[in-house]
Amino acid sequence: MVSKFNTFYRHIIEQEREFPEATGQLSDLLADIALACKVISLEVNRAGLIDILGFTGDENVQGEQVKKLDVFANDILTNVMKQGGHICAVCSEEEVSFIPIDEKFSKNKFVSNKYICHFDPLDGSSNIDVNVSIGTIFSVYKRITKSGPGALEDCLQKGYEQVAAGYVIYGSSTVLAYSAGKGVHLFTLDPSVGEFLLSSENVSIPKKSRIYSVNEGNYSGWSEGMKKYISHLKMSDPETDRPYSSRYIGSLVADFHRNLIYGGIFIYPADVKNLKGKLRLMYEANPLSFIVEQAGGRSTDGDKRILDIQPESLHQRTPLLIGSEEDVLLAEKFLKEG
Ligand code: AHM
Ligand code: MG
């Protein structure tokens, strides 16, 4: 719990002030993302009412053009990013390739487009139409090229190069979690004032848990090590808190957020169908790995640290083991021993 009343924007400005070379651009960029997520939150809450679920390019009962929520979320994030002028490329899980963005001159003032943004605009697609929590995931890198619109090499950086990352969960309330490399902080959207208000500062994930999150429907396609690990968690042993509880929502943001608060391990391993797992390195694994490490947790693909993986393509997939440190370490041990 926090003792002071603080908004998201104020918080990021205060954090940026600690870096003498900071220009305030990162704060503005993160504020733009928060603004887009407020609009998405509103639309998620209204979705059932305005009859937009499940339609793309159709008309709703009022005769207005309607968009599917994930298309809407992608459009709003991309447009807000383009307007802000701080980025030279936006990469989205919804787009085949990255969108290059040129420098911007506003009121004769040059704005340096020194950042890159990656988004999963609305994660948990199978839950969109059934009122189950979904989320937006974002991450920010500094560009490598010097000027003009961004290039592919700007977009394919290792996860440890992220300067900020976070997610917004549209659940029983809308919560934004972010880190700019100085801890993880949570904000809850107060719809009456339209602001994300600080709800927890410097969140840390419990070192060990008694929750595992995995789609056990894929069991028959798992490696022997993975099967043994999950069987191990189900065996009774009060000294190691076993059996663990199983919690799987099927929305990564929601599963991750619960594990961040209560402790837990989330796994989407490779299986015979998905040889590289299902989740995307750039849009899902990297941002959440940045957050989990900032919160004192661990994240690997079973073999190496997620943040050290050199991406080769924007939509590259990776197995993901993420959460409480001791649980991830034990899972890695089982996977290695096979
Ligand atoms: P999406 O990007 O199409 O929404 O897929 C990602 C989602 C994650 O939110 C979730 O953890 C996972 O897919 C669930 O997959 P599955 O239904 O195979 O268990
Ligand atoms: Mg996704």
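From which domains does the shell around ligand 1 draw at least three residues each? Domain 1 (8-200) and domain 2 (211-337) both contribute at that level. The legends below refer to a predicted model.

**View 1. The shell around ligand 1.** Ligand 1 has 15 residues around it, and D123, N215, Y248, L252 and Y268 come nearest. By class, the shell residues divide into five nonpolar, five polar and five charged. Two strands, β5 (115-123) and β13 (265-268), each supply at least two residues of this shell.

**View 2. Polar contacts of ligand 1.** From the side chain of S125, an N or O atom is 2.7 Å from an oxygen atom of ligand 1. K278 places a polar side-chain atom 2.9 Å from an oxygen atom of ligand 1. The ligand taken alone exposes 470 Å², of which the protein buries 84%.

**View 3. The magnesium site.** The magnesium ion (ligand 2) is coordinated by four residues: E93 and E284 through OE atoms, D120 and D123 through OD atoms, at 2.0 to 2.7 Å. Along the chain, these donor residues follow the spacing E-x26-D-x2-D-x160-E. D120 has a relative accessible area of 1% and is therefore buried. D123 is also buried, because its relative accessibility of 7% is under the 20% limit. D123 is also one of the residues that come nearest to ligand 1.

**View 4. Y283 in helix α7.** Helix α7 (residues 281-294) contains Y283. With a relative accessible area of 1%, Y283 is buried. V96 lies 187 residues away from Y283 along the chain, and the C-alpha atoms of the two are separated by 13 Å.

**View 5. Helix α6 and the residue that follows.** Helix α6 (residues 252-262) is largely enclosed by the rest of the structure, because nine of its 11 residues are buried. Among the buried residues are L252, D255, H257, R258 and N259. Just after α6, G263 adopts a positive phi of about 90 degrees.

**View 6. T136 in strand β6.** T136 belongs to strand β6 (residues 134-142). Its relative accessible area is 0%, so T136 is buried. The T136 side chain reaches the backbone oxygen of P121 at 2.7 Å. A polar contact of 2.7 Å also links the side chains of T136 and Y170.

**View 7. Backbone exceptions in two loops.** Most residues other than glycine have a negative phi, and most peptide bonds are trans. N131, in the loop between β5 and β6, has a positive phi of about 65 degrees although it is not a glycine. N131 is exposed, with a relative accessible area of 76%. D241 lies in the loop between α5 and β12 and likewise has a positive phi of about 65 degrees without being a glycine. D241 counts as partly exposed, at 37% relative accessibility. P243 is placed in the loop between α5 (224-234) and β12 (245-246). The peptide bond from R242 to P243 is cis, with omega near 5 degrees.

Technical notes:
Residues are numbered from 1 along each chain as its sequence is written. Chains are lettered from A and ligands numbered from 1 in the order in which they are written. This is a predicted model: local features need pLDDT of at least 70, side-chain atom pairs count only at pLDDT 80 or more; totals for chains, interfaces and linings use all residues. Side-chain values use heavy atoms; hydrogens and water are left out. A residue is near a molecule or strand if one of its heavy atoms lies within 4 Å of it. A polar contact is a pair of N or O atoms within 3.5 Å; within protein, one must be able to donate a hydrogen and the other to accept it, and residues adjacent in sequence count only if both atoms are side-chain atoms. Accessible areas come from the Shrake-Rupley method with a 1.4 Å probe; for residues, only the protein chains shown count as cover. Helices (H or I, at least four residues) and strands (E, at least two) are DSSP runs, numbered from the N terminus. Ala, Val, Leu, Ile, Met, Phe, Trp, Tyr, Cys and Pro count as nonpolar, Asp, Glu, Lys and Arg as charged, and the others, Gly among them, as polar. Domain bounds come from an automatic or database domain assignment. Donors are N, O and S atoms within 2.8 Å of the metal (3.2 Å for Na, K and Ca); water is not among the atoms, so sites may look incomplete. Buried means under 20% relative accessible area, exposed over 50%, partly exposed in between (1.4 Å probe, protein chains only).
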